[in-house]
Amino acid sequence: MQYIVLAGTIAYMKIVAKALLADSSNNVLILNRGLTHPNFPGHHVLPGGEVEQDESWDAAVAREIQEEAGISINVNQLRKVFERQYPAVLHVLYIGSLDNERPDVNLSWEHSGYRWMPVEELLDLPLPDGADMYYVDIIKYLKSTVEPRD
């Protein structure tokens, strides 16, 4: 947990930072949670996770991308696009751009598969029952930023 200042008061809270990671063709990396994962098994997720004590948010995202997908990314390739505050957790989303077409993906134990897909295809996927609020936040954010298709 990290501390943040809210209305002049120091509060300790969980901060979760994730990345919408795009290859050079603008396809994004979507991971599938393994069925043995304790949180949202079988659901689609973006790479990312909990920010550790004394770790910057962008460094946490870069670390989590490496741990979960085996992809190295420099924090300079990440741009924060939104924060969403909840009573016990802060969700932070970054966009990351990769220079290469499709880097090799080496999944951690947490995930059972992955796909590179256009954002529009991601938006067409149905939300699973009981979806993680972070994932719902990401979909809402994307829908507010992506131009509608004809």
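In α1, the buried residues (under 20% relative accessible area, with exposed meaning over 50% and partly exposed in between; 1.4 Å probe, protein chains only) are Trp 57, Ala 60, Val 61, Ala 62, Arg 63, Glu 64, Ile 65, Glu 68 and Ala 69. The model is predicted, so local features need pLDDT of at least 70 and side-chain atom pairs count only at pLDDT 80 or more, while totals for chains, interfaces and linings use all residues. Residues are numbered from 1 along each chain as its sequence is written, and side-chain values use heavy atoms, with hydrogens and water left out.

The 13 residues of α1 should span 18 Å at 1.5 Å a residue, and the end C-alpha atoms are 18 Å apart, in agreement; the expected span is 1.5 Å times one less than the number of residues. Gly 70, with a positive phi near 70°, follows α1.

Of the 150 residues in the protein, 47% are buried. A nonpolar core is a set of buried Ala, Val, Leu, Ile, Met, Phe, Trp, Tyr and Cys residues joined through side-chain atoms within 4.5 Å. The largest such core has 24 residues, and Leu 29, Ile 71 and Tyr 94 have the most contacts inside it. Two or more residues come from each of β2 (9-22), β3 (27-33), α1 (57-69) and β7 (89-97), and α1 provides the largest share, six residues. Beyond its neighbours within four places in sequence, Tyr 94 is in contact (heavy atoms within 4.5 Å) with residues including Ala 17, Leu 20, Trp 57, Val 61 and Leu 78. A second, separate core of 20 residues includes Ala 22, Val 81, Leu 122 and Ile 138.

Salt bridges (a side-chain nitrogen of Lys or Arg within 4 Å of a carboxyl oxygen of Asp or Glu) number eight. One of them joins the side chains of Glu 55 and Arg 63, at 2.7 Å from N to O. Glu 55 counts as buried because its relative accessibility is 14%, and Arg 63 is buried at 17%. Another links Glu 121 with Arg 115, the closest N and O atoms being 2.2 Å apart; here Glu 121 is partly exposed at 29% relative accessibility, as is Arg 115 at 38%. Salt bridges with shared partners connect Glu 52, Glu 55, Arg 63, Glu 64 and Glu 67 in one network.

Technical notes: Helix = DSSP H or I, 4+ residues; strand = E, 2+ residues; numbered from the N terminus.
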